[in-house]
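Subject: Handover of a structure and notes on it

Dear colleague,

My notes on it follow.

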Amino acid sequence: MKRMNVFQWLILISCVTLLIGRSSYSADKIKVVTTFSDFASITKEIAGDLVEVEYLSYGDQDPHFVPPKPSLALKLKKADLLVATGCDLEMWLPTLMDKARNPKIMDGAVGFVTASPGIEILEKPETISRSEGDIHVIGNPHIQTSAMNWKKVSENILIGLKKVDPQNATIYEANQKAFVDKVDRAMFGDALVDLFGGDQLESLLYAGTLFDFLENEYQGEKLLNKLGGWVKKALPFRGKEIIAYHKNWSYFAKDFGLKIVGFIEVKPGIPPTPKHVEEMIQLIKDRNIKIMLVASYFERRAPTTVAQKTGIKAIYLPISVGGLPELADNFKLMDYWIARINEALEE
Amino acid sequence: MRPLYRYYMMIFLMPCLVLGQSQQMATEDFRQLLKEQNLRVDELEKIIQELKAKIEKTEKEDAMRKLLEEAQRLASQKKEEKAAMDRKFHSGLRQQSALNPNISLGGDYYFAYGTSKSDYNRLPSEVSWGTGRMFLREMEFGLQSALDPFSRGKVFISFSREGVMLEEGYIELLNLPLKMNVKLGEYKAQFGNLNRYHDHALPQFERPLVLTNFFGTTSLKGFGIAANFLLPSITASENEFDLEVITGGVRHSFTDQGKHNLIFVTHLKNYYDLNRSTYFEIGFSGAMGKNDPTETYRTIVGGADLTLKWAPPDRAKYRGIEWRTEFLYSNRKQQDQTISAWGFLSSVQCRLNARWLMSGRMDYSQLPWDKGLEEKGVALCFDYWQSEFVFFRFQYTYINRNFDENDSRFIFQTNWAMGPHKHEAY
């Protein structure tokens, strides 16, 4: 019998590797892929069991740097709908979209949705230059840290779902409306939402006049007494100055009246230098700052050093849904963030 | 008397009777009146209550209306924020580069000191060593853009001391039938793992010995057409298959002096997600072409590549290990003999923290035109990443040769990039 040469061996081994694979195709449901677990959670609120939802980045992963692995491209290959932020956060996504070669979800196609339209983007750079660090040219893309932004995100996802699955449009619409109401009630409490509606309260919040308004009396009682939800829970840290590692928390700070006065990073995306850490230590001491928010995917050496030298509380928080096993949806995540900050203040 | 008595009695009793009757009637009237009055009072009370409720409701509505008006007024009247003293002012006059999308320029400089002066297997225009000077390895100019909704173009031009070279320049047609992407133009072939890497993205300073000896310092590349297929999910977590035809010679393995200079290249990639932190890739490659100017004798180069990467998602910025290994085998027919040669590389790169990476590589390569000649090498390398766009590299390489003097090299490399084309490896 003739011996096989090396090339015949290569062909044989190639065939063997082809056979030891696996398939992950599932039922014929609409397949939605979101870049982040937060968007997936909102999609589930709107679509329930009508669609199959997957996401690309883990909840404890740095959203800026997700390796564009082929297995992620495979998820996109099967997707009917892709939900991305729409700012330049997911710089890794175009590579995956190219690899997936799925025309349904290409930029501008029916199955492509960006979550950010309608949201007031914060921190739009006045100068687009790398001397400002790893800046985002469209502005701060970490929109998920605001519950009010989830409402806009849900509107955009609703549009996408209605396009790819018009048969279930009425169900999606009803669920999205219920989701928005759920967010408003979680944010402001039932009493105020029943009286004024979530949109009115949101307008007041973003105008910076909500608390002036709540000084008014109604039925012999101050409206402030009717405040509930996360805004009430966050009252202990409203107006406080804090330090953050990165610009993850700008939208959260806007919602709950926190003032971020410094960052552990030298500039966005540039790791802290000893000199900058010293400057932060001095700033914290001068202004008696008590809290530092750090997304859990960042290193802990610099925050620990700063905490040891100043007594500031470094709070490490998962940035997305699923960042801890118990944080199964956006509501639990927001509950967790606020509870952890309050705990740190009480210590 | 008796009738008169009766008369008087009648006179006396009559008014009493009349009075009693009228008193009874008056009491009944009074009761009736009282009842009516009570009813009227009830009605009035009811009306008063209704009026009170109405007034209360109106007051509530007025209060709510006032509150809503107040809310609308306050919502539209944004609180003025005091200008922060730490605000920076920018004119933006020098920032017009934002108008030039997808244009990149990278610089790659190095200082090298080596014990050997030999550059036996490299062209004069390519990398030479050991002269103890600073060099410009290349300036890479890159243009990338979507051409239309169906295709995109990429061009990379390398400028060095010796001249200008088209590193790659191709159009890529996307999302064709059969889940196929097609590339047309000058490009680096999808052979193994590191062949496609531009120099600035290599895990160590130089291309591994086996790739240099088999394909030269500029990779297996040429002008041609390449089809890349995303295979159905019957294999691994993901599979890709590449089929390419390029024209152009590659030193030592394929001729560039013939009439056609055709090289056929194929690659199968099998990708496996082992867990959330680890993936594994195994690929098989083949390249076939003629090796003499008359295009009579063929060379086949086969290869197998393995990549294992570990990077915990919540610490990927600070921890990670990437191990790559490639085996290459060359079968070269000549007039009087068939030469089989092989070689391998194995490279490990560890991320130590956000800024520092450490890597090492082992090399072995026979020369494809004379398997009796061989090189062995080791390299140890530290990279300091100032940011995503600038890094400095410190490397030591030792090469042992059985046909020339050994070489110890110290290299200090500076690499930078402006624009969107970064040093990304995947």
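A salt bridge is taken here to be a side-chain nitrogen of Lys or Arg within 4 Å of a carboxyl oxygen of Asp or Glu. By this rule, 3 salt bridges are found across the interface of chain B and chain A. Please bear in mind throughout that the model is predicted.

The interface

One of the salt bridges joins the side chains of Asp273(B) and Lys69(A), with an N to O distance of 3.4 Å. Helix α1 of chain B, residues 2-76, supplies the largest share of the side of chain B that touches chain A, namely 10 residues. Sorted by class, that side of chain B consists of 33 nonpolar, 18 polar and 18 charged residues.

As to the extent of the interface, 69 residues of chain B are in contact with 67 residues of chain A. The two chains bury about 5,900 Å² between them, and 57% of this area lies on carbon and sulfur atoms. There are also 12 residue pairs in polar contact between chain B and chain A, both residues of each pair being at pLDDT 80 or more.

A parallel sheet in chain A

Chain A contains an open sheet of 4 strands with parallel pairing, arranged in the order β8-β7-β9-β10. Strands β8 (259-263) and β10 (313-317) of chain A each have a single partner strand, so they stand at the edges and one side of each is left without a neighbour in the sheet. On average, neighbouring strands of this sheet are turned by 30° against each other, direction ignored.

The pairing of β9 (residues 291-295) with β10 in chain A is parallel and extends over 5 bridges. Here Leu293(A) stands opposite Ile315(A) of β10(A). Helix α14 of chain A, residues 330-346, lies across β9 and β10 of chain A and runs at about 165° to β10(A).

Antiparallel strands in chain B

In chain B, strand β9 (residues 278-290) pairs with strand β10 (residues 298-310) in the antiparallel sense, over 13 bridges. Within this pairing, Ile300(B) in β10(B) is the bridge partner of Met288(B).

Strand β10(B) also pairs with strand β11 (residues 320-333) of chain B, again in the antiparallel sense, over 12 bridges. There, the bridge partner of Thr307(B) is Arg324(B) in β11(B).

With kind regards

Terms used:
Residues numbered from 1 in each chain as written. Chains lettered and ligands numbered in written order. Predicted model: local features only at pLDDT ≥ 70, side-chain atom pairs only at ≥ 80, totals over all residues. Heavy atoms only, no water. Contact = heavy atoms within 4.5 Å. Buried area = accessible area lost by both parts, 1.4 Å probe. Polar contact = N/O pair within 3.5 Å; in protein donor to acceptor, adjacent residues only side chain to side chain. Helix = DSSP H or I, 4+ residues; strand = E, 2+ residues; numbered from the N terminus. Nonpolar A, V, L, I, M, F, W, Y, C, P; charged D, E, K, R; others polar. Pairing = 2+ DSSP bridges. Axes fitted to C-alpha atoms, helices over the stretch in contact; angles between N-to-C directions.
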